[in-house]
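Colleague: I would like to learn how to read a few features from a set of coordinates. Please take each one as a general idea and then as a case.

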Amino acid sequence: MPSASYPALRLRRTRASAWSRAMHAEHRLHPSDLIWPLFVTEGKQVEEPIASLPGVSRWSVDRVVERARDARDAGIPCIALFPNTQPERRSDDGQEALNPDNLMCRAIRAIKDAVPDIGVLTDVALDPYTAHGQDGLVDDRGRILNDQTIDVLVGQSLNQAAAGADIIAPSDMMDGRVGVIRAALEQSGHQDVQIMAYAAKYASAFYGPFRDAVGSRGLLKGDKKTYQMDPSNAEEALREVALDLAEGADSVMVKPGLPYLDIVRAVKDRFAVPVFAYQVSGEYAMIEAAAAAGAGDRDALILETLMSFRRAGCTGVLTYHALHAARLMG
């Protein structure tokens, strides 16, 4: 605690001018703190605006390559890809995830061919590929099958790594999948492929627009509460993180973002590892709605929320505002 007291100590002194505020800032934002999630769809020269995510679109592979160039030019180091799989390619067993020429793999190859100096993070889960919208395989009683799902996730991870993915990000929340995926990557010669584990992914009400974007909202039967985390639990998140790190995760993610900044801080304090947060679709949509209603300045809202992630301990943030935010940062 300070040894001096008012008036010898006036904390407003260092706030009195812009140069002084800049000099005393404890945290800073930079485009390299951002990862830009992008949705990929079929076709050529396609842009499909997503109604529940104003300002966000699905892009065909050729157009998502253009977005990768935009990201690189803005100083964003990595993009995250999510496919909108056509209904006829979805099945109960999610086998399209294993197709080496699926939408995700074609997008990875096209981006790495055209923009080799940007990182590509790929989602590993079955919900973009299943007819029932769940992240895993489902038995006749509606239970999500953990170990059988992992077998498919390993094939999906190897498929994406072979296409050129730099970071594999398992978002499925099956127990034990990180260790099995890590072993498979090592054995197949993909030792340099990173794993960013969705370690603390909560069964949240903030995911709705994302499900619109990947085409799974109307398909989902039931909910995901048997494998995604209970929003009331914090200590359990630390156990999940500990397990994923022990199994070989290079970094971990907390999802959603703003409602779980306490979890970000706890993970950073406990483990001192790279921690990322996903500012999810519902969070993005709330900022856009607030700005549209005149409740706040859009640019200021974006930068303030991103700073809150950094202040809480985030190494980086996945956000749909990434390109705009990077350009604001200059």
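Modeller: Start with strands: helices (H or I, at least four residues) and strands (E, at least two) are DSSP runs, numbered from the N terminus, and two strands pair if DSSP finds at least two bridges between them. This is a predicted model, so local features need pLDDT of at least 70 and side-chain atom pairs pLDDT 80 or more, while totals for chains, interfaces and linings use all residues. Residues are numbered from 1 along each chain as its sequence is written, and side-chain values use heavy atoms, with hydrogens and water left out.

Colleague: Which residue stands opposite Ile-167 of strand 8?

Modeller: Leu-121 does. Strand 5 (residues 119-124) and strand 8 run parallel and are joined by four bridges. Strand 8 is also parallel to strand 9 (residues 194-201), through two bridges; there Ile-167 has Gln-194 as its bridge partner.

Colleague: Are the faces of strand 8 covered or open?

Modeller: In a regular strand the side chains alternate between the two faces of the sheet. Buried means under 20% relative accessible area, exposed over 50%, and partly exposed in between (1.4 Å probe, protein chains only). In strand 8 (residues 167-170), Ile-167 and Ala-169 are buried on one side, and Ile-168 and Pro-170 on the other, which leaves both faces covered.

Colleague: What unit do strand 8, helix 5 and strand 9 make?

Modeller: A crossover is right-handed if, with the strands pointing away from the viewer, the path from the first strand over the helix to the second runs clockwise. Strand 8, helix 5 (residues 177-187) and strand 9 form a right-handed β-α-β unit.

Colleague: How many disulfides are there?

Modeller: A disulfide is a pair of cysteine sulfur atoms within 2.5 Å. The count here is zero.

Colleague: Where is Gln-134, and what does its side chain join?

Modeller: Gln-134 sits in the loop between strand 5 and strand 6 (137-138), and is buried, with a relative accessible area of 5%. A polar contact is a pair of N or O atoms within 3.5 Å; within protein, one must be able to donate a hydrogen and the other to accept it, and residues adjacent in sequence count only if both atoms are side-chain atoms. The side chains of Gln-134 and Tyr-227 make one at 2.5 Å.
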